Amino acid sequence: MTPSATTKTRHRIGLTQELIVFVVAVLLFVCFSVALNGFLSPENILNLIRNVAMLGMLSLGMAVVVIGRGVDLSLVAVMAVSLTLSIVLANQGYAFSTALALGLTFAIAVAVVMGFLIAYVEIPAIFATLAVSAIVYGLGRGVIASLDVNNIPDNLHWFLFLGRGALLGIPMPIWLFAICSAALYLFLRKTGLGRFTYGIGDNISTARITGIPVRPIIILQYVISSTMAFLAGCATAASVASMNMRMVNSTLIYDVLLVVILGGIGLTGGRGGVRNILVGTVLIGLLLNGMTILNISYTVQNLLKSTVLLFALVIDAFLNPRDEQTSQQGDI
Amino acid sequence: MMILKYAAAALTAAIISTGCATAQEGMADALRQPTLDSLAGKKVVFVPMSMSFDLPEGWAAIMEKEAKRLGYTIDIRDANWSTDTGTRALTQAITEKPDIIVVQNFDVASYARTLKKAEDSGIKVVQVNMKSSYQTDAFVGADWYGIGQYAANRMIEKCGKASGKSGKIAIIQGPATAAASVYQLNAITETLKGHDDIKIVSSQTGDWDQSKAHGIAQTVIQQNPDLCGIIGFWDVMDAGTGAAIQESGKDIYLITSGGGNKTACQGVQNGTFNEVISYDVEGQGRDLNNTIKVLLQSKEPAGSLKFALYTPNKFITKDTMSANSCWDLDQLKK
């Protein structure tokens with residue numbers, strides 16, 4: 001098939017990866033609804049989204065960076081350590097709001113340093129963020145706290161409400177996820193800075209020649225992703241009343257990348273948006289929820305999850321073969 | 001007659017005074033110095049799963065205190081939640097030839113060969129709390145079977161036919177191959193045999209992580225609105241399970257186990273847990289110290305003594321809890 005023919009087919013069917021994942025999600029949804037008792041209940045659907053809200057919020061942060069043709073592997077470390085810092089400070093007697101503000105300041109400071117290394121020192125994002133992730137985790141384990149699990153002080157009902165409460169029958173983590181999604185949607189689609197992010201991701205040289213302040217905007221992207229990490233951390237800490245730094249050693253960061261890639265935000269940058277993240281997150285949520293109801297063992301769950309993801313990627317590779325642009329720029 | 005009396009008195013006085021003289025100088029304890037000599041200058045290497053949670057921190061604090069007192073050294077090599085790092089630390093330790101290696105296994109298989117190698121090269125190996133399938137010189141730690149058996153019996157009591165409840169229970173395990181999971185699960189299965197009134201509706205691994213346990217518990221409770229009880233395998237992880245139960249507003253009996261850190265008592269106090277089976281890290285620390293001292297004094301070569309010290313459990317509920325039910329890491333370190 002010639003490249004032009006491929007393009008034609010794609011336009012005719014309009015099968016983007018996002019759509020494929022959406023179809024897979026719908027299929028799964030239908031299967032689970034038919035096969036599993038109680039799956040279709042409103043409580044379960046809310047539960048399903050609630051359990052992936054944190055993953056979704058992290059993925060939103062990652063999406064902004066990936067659209068700008070970067071990657072942020074420090075998300076999980078920043079999330080765990082900034083919240084741990086807040087909790088440790090609160091346990092030392094600081095007011096919790098002050099402690100949270102200091103935690104957020106820490107997250108933003110890390111992002112600025114990281115953004116500087118990437119934008120000005122021109123270290124590839126994958127290495128810079130990996131190194132910063134290790135430094136942040138080291139700080140967390142070595143300097144900030146000696147234990148990985150730190151419990152928030154008692155009687156912080158307003159904070160726990162963010163994780164455990166509900167407004168209009170919808171759990172707070174879902175509200176947080178929704179607000180973050182809406183805010184990022186507006187940022188990416190309606191503001192100049194958001195459009196510049198696409199420009200930088202698409203072609204950094206053109207963006208620079210056009211007069212876009214490329215370097216400061218790159219720093220801004222990392223500040224946004226770290227802020228999202230902090231908010232995701234708040235939702236997590238509030239629901240289990242503690243923060244666990246061991247999360248940094250888990251495969252969570254890969255799950256975040258999977259949501260982003262699976263949702264159809266190419267690592268080549270300049271493409272995709274908030275909708276892709278929603279679709280990717282819902283697919284993962286469906287899988288996790290259905291498999292937990294089916295009482296499938298953890299190892300088999302991982303196997304099935306990976307298989308579905310691979311399946312979606314294979315279909316995508318068939319329907320959307322690599323084009324001229326990707327072969328020139330390459331993936332990450 | 002008079003003379004005889006005086007003589008007897010003099011004799012008695014003489015005997016008493018000699019006796020006093022002996023008592024004033026005391027008796028040398030012939031065992032003490034050799035014992036102290038056999039401990040001083042020895043080297044112990046401790047390879048915990050990670051020096052970042054209550055159990056290893058507690059053991060290390062207690063072992064270090066005793067080592068300092070008796071003049072042997074404790075070196076801590078942190079495996080930092082990775083069997084690879086742990087295996088490397090063990091291999092490195094074997095080349096350094098310490099007298100004893102104290103190890104906390106991640107699972108029943110990963111370290112088995114390395115531990116055998118350590119024993120073959122003449123190093124005595126103590127396993128703490130989490131056993132490997134390979135039995136080394138000593139095991140000091142929780143009686144997982146006993147804990148599982150107790151938890152299952154409590155479920156029969158709280159949720160079985162006699163209670164008038166649904167009999168539905170869920171289990172939130174640790175990683176599937178960890179000693180804590182395999183032995184406890186075996187005990188629960190064995191105990192529940194023949195108890196058809198108890199039904200396990202879900203048995204999933206929370207992977208020692210609160211968020212994961214939280215998510216699983218939420219889904220299971222939502223799916224089984226008449227769930228009666230949950231057996232969790234570690235209190236730190238089950239803080240998440242307890243949070244999910246509290247959110248649901250349901251009356252679900254949560255029984256879990258842990259080292260008895262003060263967070264366990266706080267959890268019982270604030271209603272996160274109904275019951276915690278504590279394997280008492282303070283007691284385990286003392287058992288560890290005694291095991292180390294026995295092995296250092298023993299002339300037997302590595303691998304010849306095979307013994308186990310299972311920790312007696314403490315059961316902490318709101319009714320049984322007292323001021324010294326739990327321990328505080330900061331206090332232990334002092």
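Which residues in H4(A) meet which residues in H11(A)? From H4(A), the contributors are Leu75(A), Val78(A), Met79(A), Ala80(A), Ser82(A), Leu83(A) and Ile87(A). H11(A) answers with Ser225(A), Ser226(A), Ala229(A), Phe230(A), Ala232(A), Gly233(A), Cys234(A) and Ala237(A). By class, this contact has eleven nonpolar, four polar and no charged residues. The model is predicted.

**Helix packing in chain A**

- Two packed helices are described by the angle between their axes and the distance between the axes.
- Helix H4 spans residues 75-91 of chain A, and helix H11 spans residues 214-240 of chain A. Their axes come within 8 Å and cross at roughly 60°. That angle makes H4(A) oblique to H11(A).
- The crossing of H4(A) and H11(A) has a right-handed sense.
- H11(A) also crosses helix H9 (residues 192-202) of chain A, at roughly 105°, with the axes coming within 10 Å. H9(A) and H11(A) are therefore roughly perpendicular to each other.
- H9(A) makes this contact through Leu193(A), Phe196(A), Thr197(A) and Ile200(A). On H11(A), the contact residues are Val214(A), Ile217(A), Ile218(A), Leu220(A) and Gln221(A).
- The contact of H9(A) with H11(A) divides into seven nonpolar, two polar and no charged residues.

**The parallel sheet of chain B**

- Six strands of chain B form an open sheet with parallel pairing, in the order E2-E1-E3-E4-E5-E11.
- Strand E2 (73-76) and strand E11 (307-310) of chain B are at the edges. Each has a single partner strand, so one side of each is left without a neighbour in the sheet.
- From one strand to the next, the twist averages 20°.
- Strand E4 (residues 124-128) and strand E5 (residues 138-141) of chain B pair in the parallel sense, over three bridges. Here Val126(B) stands opposite Ala138(B) in E5(B).
- Helix H11 (residues 281-297) of chain B packs on this sheet. The strands of chain B touched by this helix are strand E1 (43-47), strand E3 (100-103), E4, E5 and E11. The helix direction makes about 165° with that of E5(B).

**The mixed sheet of chain B**

- Another open sheet of chain B has six strands in the order E7-E6-E8-E9-E10-E12, and its pairing is mixed.
- Its edge strands are strand E7 (199-205) and strand E12 (314-316) of chain B, each pairing on one side only.
- Neighbouring strands of this sheet are turned by 15° against each other on average, direction ignored.
- Within the sheet, strand E9 (residues 253-258) and strand E10 (residues 275-278) of chain B pair in the parallel sense over four bridges. Ile255(B) stands opposite Glu275(B) in E10(B).
- Helix H8 (residues 210-223) of chain B packs on the sheet and touches strand E6 (168-173), E7 and strand E8 (229-232) of chain B. The direction of this helix makes about 165° with that of E6(B).
- Helix H10 (residues 262-269) of chain B also packs on the sheet, touching E9, E10 and E12 of chain B. Its direction makes about 160° with that of E10(B).

**Annotated domain of chain B**

- An unreviewed UniProt entry places the feature "domain: Periplasmic binding protein" at residues 52-299 of chain B.
- Over residues 52-299, chain B is 50% helix and 18% strand. The end C-alpha atoms of this stretch are 35 Å apart.

**Contact between chains A and B**

- In the contact, 26 residues of chain B meet 26 residues of chain A.
- E7, H8 and helix H9 (235-248) of chain B each supply at least two residues of the side of chain B that touches chain A.
- H8(B) gives the most to that side, with nine residues.
- By class, the side of chain B that touches chain A has seven nonpolar, 15 polar and four charged residues.

Conventions
Residues are numbered from 1 along each chain as its sequence is written. Chains are lettered from A and ligands numbered from 1 in the order in which they are written. This is a predicted model: local features need pLDDT of at least 70, side-chain atom pairs count only at pLDDT 80 or more; totals for chains, interfaces and linings use all residues. Axes are lines fitted to C-alpha atoms, for helices over the stretch in contact, and angles run from 0 to 180 degrees between N-to-C directions. Angles under 35 degrees count as roughly parallel, over 145 as roughly antiparallel, 65 to 115 as roughly perpendicular and the rest as oblique. A crossing is left-handed if the near helix is turned anticlockwise from the far one by less than a right angle, and right-handed if clockwise. Two residues are in contact if their C-beta atoms, placed from the backbone, lie within 7 Å. Ala, Val, Leu, Ile, Met, Phe, Trp, Tyr, Cys and Pro count as nonpolar, Asp, Glu, Lys and Arg as charged, and the others, Gly among them, as polar. Two strands pair if DSSP finds at least two bridges between them. UniProt positions are given in the numbering used here, feature names are shortened, and annotations may be inferred rather than shown by experiment.
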